[in-house]
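Me: Hi! I'd like to walk through this model with you, a bit at a time. Could you keep the answers plain?

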Amino acid sequence: MSLLAVDNLRVTFPSDQGPVEVVRGLSFALGRERLGIVGESGSGKSMTGRAIMGLIGAPGRVTADRLEFEGRDLRNLPEWEFRKLRGARMSMVLQDPKFSLNPVIRIGDQIAEALEFHTQLSASARRVRVLEALEAVRIDDPERVARLYPHEVSGGMGQRVMIAMMVVMEPALMIADEPTSALDVSVRGQVLDIMDDLVRRRGMGLLLISHDLNMVARWCDRILVMYRGQIVEELGAGALNTAQHPYTLGLLASLPKLNEERATLPILDRAALDGFMAGAAR
Amino acid sequence: MTLTQTMTQAPARKLAQRVWPPLRFVLTVAVTFLGLLAITFVIGRVVPIDPVLAVVGDRASVETYEAARQAMGLHDPWVVQFARYVGDVVQGDLGQSVSTGRAVADDLARVFPATLEMATLGILIGVALGVPMGVWAAARQGTWVDQVIRVIGLAGYAIPAFWLGLVGLVLFYAKLRWVGGPGRIDIFLDGMVPVRSGLLLLDSAIAGNWEAFRSAFSHIVLPATILGFFSLAYIARMTRSFMLEQLGQEFIITARVKGVPERVVLWRHAFRPIRVQLITVIGLSYAGLLEGSVMIETVFSWPGIGNYLTTALLNADMNAVLGATLVIGAVFVAINKGSDALYRLLDPRART
């Protein structure tokens, strides 16, 4: 049984010009593995993550033929039931710790919150778990960091705190939505390393959402390439060179190389791409 | 630098760190007050009212006029006059009021508590209702709850105070007899409570005179509720927009991702960060109420500072006007300093 099964997932928002579908019939299954979703901004990858977490509020609408997590149907799950899953069985690391951590609550208290609402642990037991979680993300002096406010830590440490917050309940599924794009290049590898280590050691499923093909190829087992709300190609991580779809090929071609010989990088020919996709749909 | 030098300097620096903040606080307050005094002093000199004529009357002879002018020190250079003015104020002497014939300081000690009592009760009502209403409206943005709260707020802006006061009196005093009428207390109880703070509710409670307390309460409840309604309109509207801003932040999504119940998302994650902004809003409304609402004080025959200031202005009673202005200025300074202190308490980012 797969951890997460998604079949024909659609996310729709109303607009002045009628409903706009941002995710258009997505289907995939996720086991205890690392699955990457790549695509440009606006391709619907973040909305996919939020739809799985049940965080698309009105006026957005989520439909699917199948949306199952650990064998439970997430469609039409009442909010109070969904809340018991969020933070406990599934969690999500957001992009920028500068905005995703509450500025006026101490880091330790923010991490303890998942325990506060999902367990019966006493305050002192929660504290022990918080310090363990901080240690797990390789923070050397957890006691001190737990007392700090988010503005007192660096971006890299902020993101490690975020990860600690999301793994403290040892969920089965972790979604990471652009977890490193707001960070300095120098700490990106470290943060991904920590996340990867936790995911593997605890046997969690990871859904890594990013626009960075190379990064996803390096940290994931499988890659889904998304364009305009649809999956256009699925690739094995080591098999970027087997890509067939013109969109994926376009993405790959637009990556600068170290020993670059081209004067300008190619841009996507969207007209040709749309023509290709219309042909494929027919 | 030798080791001993370092060791002797460290405690000195620590001491300076402890002494400097309160010292700086006292200094800024002193400078602000000096500025305030300078402004009231200048206003007192530039208004086209001759303080000498106000004392001797317009039929006095030139000699009497000159003598009075001399006696009042108006021949002295203005620097000397200002120094004398500051010295008098520091000693609590704000001069005589022409219209009441008493010392302005005594008058203010009588009228300001009346306003303070009403404004405090008003702001408490405004905060106790306005803040939850604003939070609720933001949480239910766009629904009928939001609309109803918006209409209540709009009414608070649009309805004139005197009209609400009069209608309130007709309905709750004259018709229903639920509340006391104009004035601070029933006439037969007036002056029965020994004055300690000047706040009738507090004084009667201290004296254990519960009959007086009930009467004072029944008199204050209607005007204070009306004041509260006006500040509620502003506070609820600002709370709503502050909350909406916070509810759109990423950390709200983080909280929901953690499975935090919506009530906690609202009050812990969204409300906590806006407390600092709310303090500014509440402080400003409170200061506004402490200026004295002339309309409400007139309709309810409330012997407050708004009434006093208006009467003084109409009678060209400059000492009283300047004294009242000074008190209102001091209120603003105090509220500003108070909210600054609260900022540091509530926002970790403002502490450094």
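Me: Is A:Asp73 buried, exposed or partly exposed, and what is its relative accessible area?
Reply: A:Asp73 is partly exposed, at a relative accessible area of 34%. Buried means under 20% relative accessible area, exposed over 50%, and partly exposed in between (1.4 Å probe, protein chains only). Before we go on: this is a predicted model, where local features need pLDDT of at least 70 and side-chain atom pairs count only at pLDDT 80 or more, while totals for chains, interfaces and linings use all residues. Residues are numbered from 1 along each chain as its sequence is written, chains are lettered from A and ligands numbered from 1 in the order in which they are written, and side-chain values use heavy atoms, leaving out hydrogens and water.

Me: Thanks! Which side chain does A:Asp73 meet in a salt bridge?
Reply: That of A:Arg75, at 3.1 Å from N to O. A salt bridge here is a side-chain nitrogen of Lys or Arg within 4 Å of a carboxyl oxygen of Asp or Glu. A:Arg75 is partly exposed too, with a relative accessible area of 34%.

Me: Where do A:Asp197 and A:Arg201 lie?
Reply: Both are in helix H8 (residues 185-201) of chain A, 4 residues apart, about one turn of the helix. Helices are DSSP runs (H or I, at least four residues), numbered from the N terminus. A:Asp197 is partly exposed at 24% relative accessibility, whereas A:Arg201 is exposed at 63%. There is also a network of salt bridges with shared partners, made of A:Arg34, A:Asp196, A:Arg200 and A:Asp221.

Me: Switching to the two chains: how many residues of chain B are in contact with chain A?
Reply: 20 residues of chain B, against 28 residues of chain A. Contact means heavy atoms within 4.5 Å.

Me: And what area do chain B and chain A bury between them?
Reply: About 2200 Å², with 62% of it on carbon and sulfur atoms. Buried area is the accessible area (1.4 Å probe) that two parts lose on being put together, summed over both.

Me: How many salt bridges are there across the interface of chain B and chain A?
Reply: The rule finds 4. Among the salt bridges is B:Lys258 with A:Glu113, at 2.9 Å from N to O. On the side of chain B that touches chain A, helix H10 (250-257) and helix H11 (262-290) of chain B are the elements that give two or more residues.

Me: Now inside chain B: which domains is it divided into?
Reply: Domain 1 (22-90) and domain 2 (112-350), with bounds from an automatic or database domain assignment. Their centres, taken over C-alpha atoms, are 34 Å apart.

Me: What area is buried between domain 1 and domain 2 of chain B?
Reply: About 1000 Å², of which carbon and sulfur atoms give 88%. In domain 1, B:Leu36, B:Thr40 and B:Ile49 lose the most area to domain 2, together 37% of what that side buries.

Me: How many salt bridges cross that domain interface?
Reply: The rule finds 0 across the interface of domain 1 and domain 2 of chain B. On the domain 1 side, H1(B) gives the most residues, 10, to the part that touches domain 2.
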